[in-house]
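Q: I'd like a close look at one part of this model, the place where the ligand sits. Could you walk me through it?
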Amino acid sequence: MPKHTIAVLEGDGIGPELIREAVKVLRAIESRSGVHFDLQYAPFGGRAYFDTGASFPEETKAVCDACDAILKGPIGLSLEDSRKIPVEEQPERGALLPLRQRYHTYANFRPVYLPPELIHFSPLRPDRIQGGIDIIMIRELVGGLYFGEKEHGETQEGLRYVKETLEYDESEIRNIVQVAFEEARKRRSILHSVHKSNVLMSSVLWNDIVFELAQHYPDVQLKHIIVDAAAAALVLNPQQFDVMVMENMFGDILSDLGGGILGSLGLMPSACVGIQKSYYEPSHGSAPDIAGKGIANPYSMIGSVALMLEKSFGMEEESRQIWNAMRQVFGAGFTTSDLRDPEGKLKIISTSDFGDRVVSALQS
Ligand code: IPM
Ligand code: MN
């Protein structure tokens with residue numbers, strides 16, 4: 001029987017309750033596919049810091065090193081709790097960024113996907129999104145401002161200052177843009193390259209590389225769009241987009257805008273793909289304010305499982321079945337109370353009921 005080992009990092013806040021539903025779905029896939037998933041739970045994030053003294057403990061690194069893929073819940077603490085931890089051990093800087101760096105997960109896929117069954121969640125006018133939205137944002141994940149050199153101190157005049165650097169070499173740009181061209185080819189063959197070359201030299205180099213690579217993809221319709229204009233266009237006419245590619249910081253911001261046009265960050269799963277290993281996580285935070293209440297929708301976590309099956313294990317059919325099962329549950333009028341319900345017509349169910357219904361839909 002084929003077997004895959006998965007490191008499961010539950011994370012903080014709503015992380016454990018979302019992971020529980022994702023694991024239910026994995027087990028359901030296991031019993032129908034005959035593929036065995038060996039799940040190795042390991043501590044990661046703010047809770048790990050309080051329990052073990054490290055937010056990315058050595059033991060967790062060893063588990064992750066040895067597995068085939070990593071399924072990770074959201075991490076992060078309330079501002080009050082975060083301030084109890086040294087800045088460099090806070091879960092974002094102490095765990096998440098080191099995880100991305102360790103496995104060099106340079107290609108971050110963030111689907112901004114709104115099939116017809118979910119359309120009522122979007123705050124956009126129905127006539128602008130008829131038939132739905134289907135975008136893949138591809139974000140460079142291990143370079144740019146996030147990982148550039150930093151310094152801070154005091155100027156000669158005694159003013160506190162900070163300096164952060166945005167650095168890319170051509171191979172880093174080429175790698176991510178190539179991923180995007182390949183992805184566009186598999187889809188509707190429209191690629192928007194997002195840049196800010198009217199101001200940033202990093203975008204001038206970005207565009208040079210994009211033009212060079214475009215020679216090899218004459219079948220892909222390439223469009224160039226400045227990042228601020230892209231933000232407006234996403235709200236005004238999201239249906240024009242198919243694949244979008246951008247550097248790290250732009251991708252952080254535009255992908256949350258993507259969640260905004262869907263109606264919730266809770267509808268944003270993601271895949272963080274490296275050459276050797278990939279990990280899968282929701283794009284959103286740990287929502288400490290609603291943790292433990294059973295009201296958080298597990299779509300982003302279950303969607304991350306679907307992405308894992310597709311990208312790490314080549315189980316494309318099973319992945320499609322998961323997306324369809326979730327569409328079916330929403331299509332039957334169910335929701336959790338964290339998602340938007342503008343007309344008050346939806347049937348509110350709990351986090352675990354949502355997971356159960358996805359599993360039944362899978363089995364039917
Ligand atoms: C994301 C998150 C992270 C990021 C944070 C938690 C460091 O916002 O995955 O988009 O900024 O990349
Ligand atoms: Mn973000």
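Which pocket is the space taken by ligand 1?

A: Happy to! In this predicted model, local features need pLDDT of at least 70 and side-chain atom pairs 80 or more, while totals for chains, interfaces and linings use all residues. Residues are numbered from 1 along each chain, chains are lettered from A and ligands numbered from 1 as written, and side-chain values use heavy atoms, without hydrogens or water.

Ligand 1 takes the second largest pocket. Around ligand 1 (heavy atoms within 4 Å) are E92, L96, R100, R110, R139, Y146, D252 and S283. By class, this shell has five charged, two nonpolar and one polar residues. Both domain 1 (1-113 + 269-364) and domain 2 (123-262) contribute to the shell, so ligand 1 lies between them. Helix α5, residues 91-102, gives the most, with three residues.

Now for the polar side-chain atoms: one of Y146 lies 2.6 Å from a ligand 1 oxygen, one of R110 is 2.8 Å from a ligand 1 oxygen, and for R139 the distance is 2.9 Å. Of the 320 Å² of accessible area (Shrake-Rupley, 1.4 Å probe) that ligand 1 has on its own, the protein covers 78%.

Notes:
Polar contact = N/O pair within 3.5 Å; in protein donor to acceptor, adjacent residues only side chain to side chain. 1 Å grid on protein atoms, 1.4 Å probe; cavity = no way out; pocket = protein on both sides within 12 Å on 5 of 7 lines; lining within 4 Å. Sits in = over half its atoms within 2 Å of the grid points. Helix = DSSP H or I, 4+ residues; strand = E, 2+ residues; numbered from the N terminus. Nonpolar A, V, L, I, M, F, W, Y, C, P; charged D, E, K, R; others polar. Domains from an automatic or database assignment.
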